[in-house]
Amino acid sequence: MSIFVESSDVLPLVDLEIALPVGSLQDPAGQEGLAQLTGHLMRRGPRGLSQERFEDRLASLGARMSVEVSMRSTRVRATVLRRNLEPLLALLADVVWQPALRGSDFSKLKRRAAAALTSRLDDDQALGAVCFREALFGEHPYGRTLSGDTDSLARIGIQQVKDFYDRNIAKGAFLVGVAGDVADTEVRSLIASHFPKARRAKKKRSDVPATRSRRGRHVVIVDKPERTQTQLLIGTLGARTRDRNLFPLLVSNTAFGGTFSGPLMQQVRGVRGWSYGAYSRLLHSTQRDAWYMSTAPAAEYSADCAALQLELLEHWVGGGTKNTDLRFAQRYLINSHCFDRDTASKRLEARLDLELLDIPRSYVEKYDQLVARVTKQQADEATRARISDKDLIIVVVATASEVASSFERLPGVRSVEIVPFDRT
Amino acid sequence: MAAQAPPFMGAPEVLIERLNRGVRKRNARWTFVRDHAFGDALTLRRFRLGNGLTVLTLVDRSAPTVSYHTWFRVGSRHERPGKTGLAHLFEHLMFSETRNHPHGDFDRLMERAGAEANAATWTDWTCYYENAPRDALPLLIELEADRMSNLVLRVPQVTSEKEVVANERKLRVDDDVEGRALEMLYDNAFRRHPYRWPTIGWMKDIRGFTVRDCKEFYRTHYAPSNATVVIAGDFNEQKALSHVQKHYGGLPASRAAEPPTPTAEPSQRAERVHQLTAPTPTEKLLLGYHAPSFSDPDTPALVIANEVLFGGTSSRLHRLFCLDEEVALSVRGSISPFIDPGLFEMWIFLREGKRKEDALALLDREIDRLASDGPSPLELEKTINQLELSFLHSMETAGGKAEQIGFYETVANDGAAVFDRLAAYRNVTADDVKRAVGKYLRPSLRTRVEILRKAS
């Protein structure tokens, strides 16, 4: 059985996780949101317990439980006071392998999911992020939202959820992780008595086709009234997890926009005061995921801020990273790495990620060496190979009438699309 | 907390004797005040430098990290009308140039060491903190001591940071429905007390600050005697105190008089209702009931009431509003943890087409029921266990421990009182909850903000 244990007696707490290699990439086309609905319906409790009694039971144990669905995994997580570990373990197993999946709960859950989509319209950052991925990845599965949209939710019934559960979870592979105040032998014995015999996932190299970027620079304005401030995302494709350029690019990106004292933050915020935050992020997955810069400038200078960011991007891609900045980024990444493992639960997550997301073991075990050995030449070549300053998606959440003309004038822009913020 | 290998710590009197040997300047001489048990395995020690700087140490070797917090007893309550937001702007300026380090050096040195450095300002305090690998502690001490007394305030930095703060205000308030509603709530719930203005400040005030305002604020509030330093994590206590002595020992105690005590808020006699129209897809209700201070003996009972009503998916109001009646997408409640009496805030995020009047009637009915019947034994058990769980989670990292200690020291005058609070929750009875709910959660004591949809 694949059980991962990180013991620590610092606090009388235990974190538990059942990790399943199934996520929104398994959503059938047109039924986006199915994996998430399935996970959330499981969270409503096991057979034989009404949702009310299930919630009371959890709370009285001093426990919390959540189901988090991502593109490639479903993670059922719980945390509990040490003294109540065994009853919580049994309850967790029932949630995953004996879920009630009641039709009445499903109807309510679906109405709740639709209400959450409406509520998201208040969140400009979330609107920008969703639109950015859609514009960058188009029809590719990476462009789908985990929660689906109004139309896709309407197409999902309880039977689809039950089928999805039977096909992907009931008899599917899983991993178990435990972190905290518990000994390895004790927890293995408890798991053996409450959990089914484990099944291992077959390693799949790639589950989706390669991502492709759209040629040229394209602006999408998410039009929302009365915006004094804008959310701005500028980005392109990034890297694959098993990309030889990944660590050189990680170091290079950290030097450019991964810290407070990097050139992106200093030029946007330090020198001009244009945005509270200014960072660049590198995401990776089995196929090339996104790389993007995010800022939040006032509407009156949003396009100026975008122009400045484009200039900084061109300078970084074309001119490379200064040696001093590269060494600084390496020291930052190595020295701050201790915060990725300062608690038992973080160490557990790292081990589960390795198994679940097909991350090479060396990325964790030899992290410091992989970062330290990146040369300026490798960093610059990786940046040029992976980050395009010509094929870019520029998303701005703003009041279109106030910013559209200035964004049209940005260098190299081929198209400007305006979408209403409440289109779904 | 469970037992762990006890870290080596000498007797504090011996430690102090060693540290003070040959030190003539009174400001640089240490006094050991006392120690407090911090759970079952750790000890919180309280020291004071001659210049009034309080230092609390908690050696905890569970991870190779250290957290360094500096809590100043200054927040937005110490401002005055026309100058609101100065404490928060100042927090930004503290990352600027000093006489010993040029602009940008602070962040660069911190990040190169692998440290996360940030700060927060609220009504009663300003906190600067770093979470760092253990070897970085001498650097943290040097840089924090330096900016406590050597900050350089010039026009370009103040101008640039005013623009950053103006943008932060747009992000968190002007373009954020919840931010605007909260600002409206406090502005109307309080008539005299400084809690009425927002910590980030009114935009007009932010735009108007001068270098002179900033220098005066620095002179008044930034001194060792107005600060508490908390060091938590894996460090050598003697070396750390020696570094503190070296870098802070030369600073004078205080440079200005104590700020005046804020005016007490007069009692509220009738409900106050205000409306906010915004481009939002759904209506919302925000209610604020006048609540006791963080240290008031009634507060633990109100915290239990908050958990019974709003605490997680098994709470009464989540069940009623979000699951059974499907009136709201979510509900939440909290009590402002302030030195002076604050507000018990309640949010109801209505679903499309649901009426705020119906939601309010449901809420009033449930509050009345809690005031008359109190919580059940099962609800008390759930609540205590959930609060214990939250407390333990807040103690997982060195940064979490330092934050709790610094907060309790600043707001409740005792950094070790975090454990007393958990004990106080355990002592709350159903009758205590009934009494507290009946006393504080009355419609006449509340201010209501109704957030309405603006027609598109």
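**Reading a predicted model**

Tutor: Among contacts in chain B between residues at least 6 apart in sequence, 77% join residues at least 24 apart. Please keep in mind that this is a predicted model.

Student: How many helices and strands are there in chain B?

Tutor: Chain B holds 16 helices and twelve strands. Its radius of gyration is 24 Å, close to the 23 Å that the globule rule gives for 456 residues, so chain B is as compact as a globular protein of that length. Along its principal axes, the C-alpha trace of chain B spans about 70 × 55 × 40 Å.

Student: What percentage of the residues of chain B count as buried?

Tutor: A residue counts as buried if 20 or more other C-beta atoms lie within 10 Å of its own. In chain B, 52% of the 456 residues count as buried.

Student: Why is strand β7 of chain B described as largely enclosed by the rest of the structure?

Tutor: Strand β7 covers residues 227-233 of chain B, and seven of its seven residues are buried, so the strand is largely enclosed by the rest of the structure.

Student: Which residues point each way from β7(B)?

Tutor: In a regular strand the side chains alternate between the two faces of the sheet. From β7(B), Ala227(B), Val229(B), Ile231(B) and Gly233(B) point one way, while Thr228(B), Val230(B) and Ala232(B) point the other way; all are buried.

Student: Does one call its pairing with strand β3 of chain B parallel or antiparallel, that is, which sense applies?

Tutor: Strand β3, residues 54-59 of chain B, runs parallel to β7(B), and six bridges join them. Leu58(B) has Ala232(B) as its bridge partner in β7(B). Strand β4, residues 65-72 of chain B, pairs with β7(B) in the antiparallel sense over seven bridges. There, Val66(B) has Gly233(B) as its bridge partner.

Student: Into which domains is chain A divided?

Tutor: Chain A is divided into domain 1 (3-194) and domain 2 (217-420). Their C-alpha centres lie 29 Å apart. The contact between these domains takes 23 residues from domain 1 and 22 residues from domain 2 of chain A.

Student: How many residues does each chain give to the contact between chain A and chain B?

Tutor: Chain A gives 56 residues and chain B gives 52 residues. On the side of chain A that touches chain B, the largest share, seven residues, comes from α4(A). By class, that side has 22 nonpolar, 16 polar and 18 charged residues.

Notes
Residues are numbered from 1 along each chain as its sequence is written. Chains are lettered from A and ligands numbered from 1 in the order in which they are written. This is a predicted model: local features need pLDDT of at least 70, side-chain atom pairs count only at pLDDT 80 or more; totals for chains, interfaces and linings use all residues. Two residues are in contact if their C-beta atoms, placed from the backbone, lie within 7 Å. Helices (H or I, at least four residues) and strands (E, at least two) are DSSP runs, numbered from the N terminus. Ala, Val, Leu, Ile, Met, Phe, Trp, Tyr, Cys and Pro count as nonpolar, Asp, Glu, Lys and Arg as charged, and the others, Gly among them, as polar. Domain bounds come from an automatic or database domain assignment. The radius of gyration is taken over C-alpha atoms; the globule rule is 2.2 Å times the number of residues to the power 0.38. A residue is buried if 20 or more other C-beta atoms lie within 10 Å of its own, exposed if 12 or fewer, and partly exposed in between; C-beta atoms are placed from the backbone. Two strands pair if DSSP finds at least two bridges between them.
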